[in-house]
Amino acid sequence: MTDVLAGKKVLITGSGRGIGRATAIAMARAGADVVVHYRRDEAAAAETVAAVTALGREAWAVRAEMESEEDIAAMFGAVADRWGRLDVFMANAAASAFKPIEDLKSYHLDRTYHVVIHSVVQSVQHCLPLMGAGGRIIAMSSMGSRFTLPRYAALGTAKAALESLVRYLAAELGPRGITCNALNPGVVDTDSAAFYSGDHTEAYRRDVIAHTPLGRLGTPEDVADAAVFLASDASRFITGQTIRVDGGLTLLTGGFESF
Ligand SMILES: NC(=O)c1ccc[n+]([C@@H]2O[C@H](COP(=O)([O-])OP(=O)(O)OC[C@H]3O[C@@H](n4cnc5c(N)ncnc54)[C@H](OP(=O)(O)O)[C@@H]3O)[C@@H](O)[C@H]2O)c1
């Protein structure tokens with residue numbers, strides 16, 4: 001998808017690592033300049049910046065705790081100072097506690113919802129003056145928004161709210177020429193998938209692959225290419241949608257293995 005984002009200015013949260021990093025690189029390859037956002041892993045963010053600049057695009061890193069309104073305001077302030085505009089905002093950063101509901105504390109829910117929901121509303125408010133006559137907002141959901149996964153209630157319910165928020169944003173921002181869509185990956189081979197599966201990584205990978213019609217885990221690049229499409233003019237009349245990028249993992253119900 002060469003040049004489909006030529007000259008576009010992009011900010012991707014959580015783009016030091018994983019899906020965010022792959023998306024920063026894919027968007028740069030498509031011609032975009034990228035703000036690489038990180039929270040703790042400055043070295044990883046620097047690696048993403050280096051990968052983007054090696055492609056001949058502009059990139060710079062910005063640190064922000066997405067639970068902090070002040071940090072979010074400062075991050076968009078830096079974009080305003082440096083570029084004065086933004087074409088694409090991708091809300092990708094997320095973190096949560098993976099616990100059964102019995103063990104969830106209020107602060108687990110508060111922190112998860114702040115990163116996944118509050119920060120997106122606050123970020124979009126900062127995006128509006130920077131997007132001017134049009135733009136693209138992309139949110140990163142997950143299969144736990146619709147399907148129940150073990151120990152996933154905090155993040156799954158937040159992602160369900162995020163998909164709803166995407167529809168509200170699409171309705172409210174459409175008249176400004178801004179589209180808003182979500183990507184919904186299945187299981188993608190990243191640090192967070194390894195963290196989620198804990199001591200059972202190999203069994204988890206085997207189970208997921210056995211239930212995936214396309215026969216493998218997702219890669220960060222699989223999701224990144226879908227994000228490039230949503231950021232590009234090719235998706236201009238698509239808004240308010242959640243697109244699965246899961247190799248068909250969520251097509252099979254289970255229970256029919258003996259047929
Ligand atoms: N991997 C999967 O299987 C999968 C499946 C479905 C959906 N997703 C979604 O895809 C997105 C990316 O996942 P990933 O697996 O690529 O994640 P990852 O490798 O674990 O990276 C998470 C990123 O989010 C940032 N982050 C976490 N908490 C933050 C906070 N409070 N404030 C600011 N930044 C924060 C991290 O920054 P630092 O490293 O600098 O701390 C990091 O860059 C997430 O929304 C996730 O829910 C992933």
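Biologist: Why are helix 1 and helix 2 called roughly parallel to each other?

Modeller: First, this is a predicted model, in which local features need pLDDT of at least 70, side-chain atom pairs count only at pLDDT 80 or more, and totals for chains, interfaces and linings use all residues. Residues are numbered from 1 along each chain as its sequence is written. Helix 1 (residues 18–29) and helix 2 (residues 42–54) pack at about 15°, with axes 9 Å apart. Angles under 35 degrees count as roughly parallel, over 145 as roughly antiparallel, 65 to 115 as roughly perpendicular and the rest as oblique. Helix 1 and helix 2 are therefore roughly parallel.

Biologist: What is the angle taken between?

Modeller: Axes are lines fitted to C-alpha atoms, for helices over the stretch in contact, and angles run from 0 to 180 degrees between N-to-C directions. The helices (H or I, at least four residues) and strands (E, at least two) are DSSP runs, numbered from the N terminus.

Biologist: Which residues in helix 1 and helix 2 meet?

Modeller: Arg-21, Ala-24, Ile-25 and Ala-28 in helix 1 meet Thr-48, Ala-51 and Val-52 in helix 2. Contact requires C-beta atoms, placed from the backbone, within 7 Å. By class, this contact has five nonpolar, one polar and one charged residues. Ala, Val, Leu, Ile, Met, Phe, Trp, Tyr, Cys and Pro count as nonpolar, Asp, Glu, Lys and Arg as charged, and the others, Gly among them, as polar.

Biologist: What makes helix 1 oblique to helix 8?

Modeller: The axes of helix 1 and helix 8 (residues 220–231) come within 8 Å and cross at roughly 50°. That angle makes helix 1 oblique to helix 8. Residues in this contact include Gly-18 and Met-27 in helix 1, and Pro-220 and Ala-231 in helix 8. The classes here are 10 nonpolar, two polar and three charged residues.

Biologist: What makes strand 3 and strand 7 edge strands?

Modeller: Seven strands form an open sheet in the order 3-2-1-4-5-6-7, with parallel pairing. Strand 3 (59–63) and strand 7 (242–245) each pair on one side only. Two strands pair if DSSP finds at least two bridges between them. From one strand to the next, the twist averages 20°.

Biologist: How do you know that strand 5 pairs with strand 6?

Modeller: Six bridges join strand 5 (residues 135–140) to strand 6 (residues 178–185), and the two run parallel.

Biologist: Which residues come nearest to the ligand?

Modeller: Of the 28 residues around the ligand, Gly-14, Gly-18, Ala-94, Ser-142 and Ser-192 come nearest. Helix 1 and helix 6 (191–197) are the elements that give two or more residues to this shell. A residue is near a molecule or strand if its C-beta atom, placed from the backbone, lies within 6 Å of it. The shell has 13 nonpolar, eight polar and seven charged residues.

Terms used. Contact = placed C-beta atoms within 7 Å.
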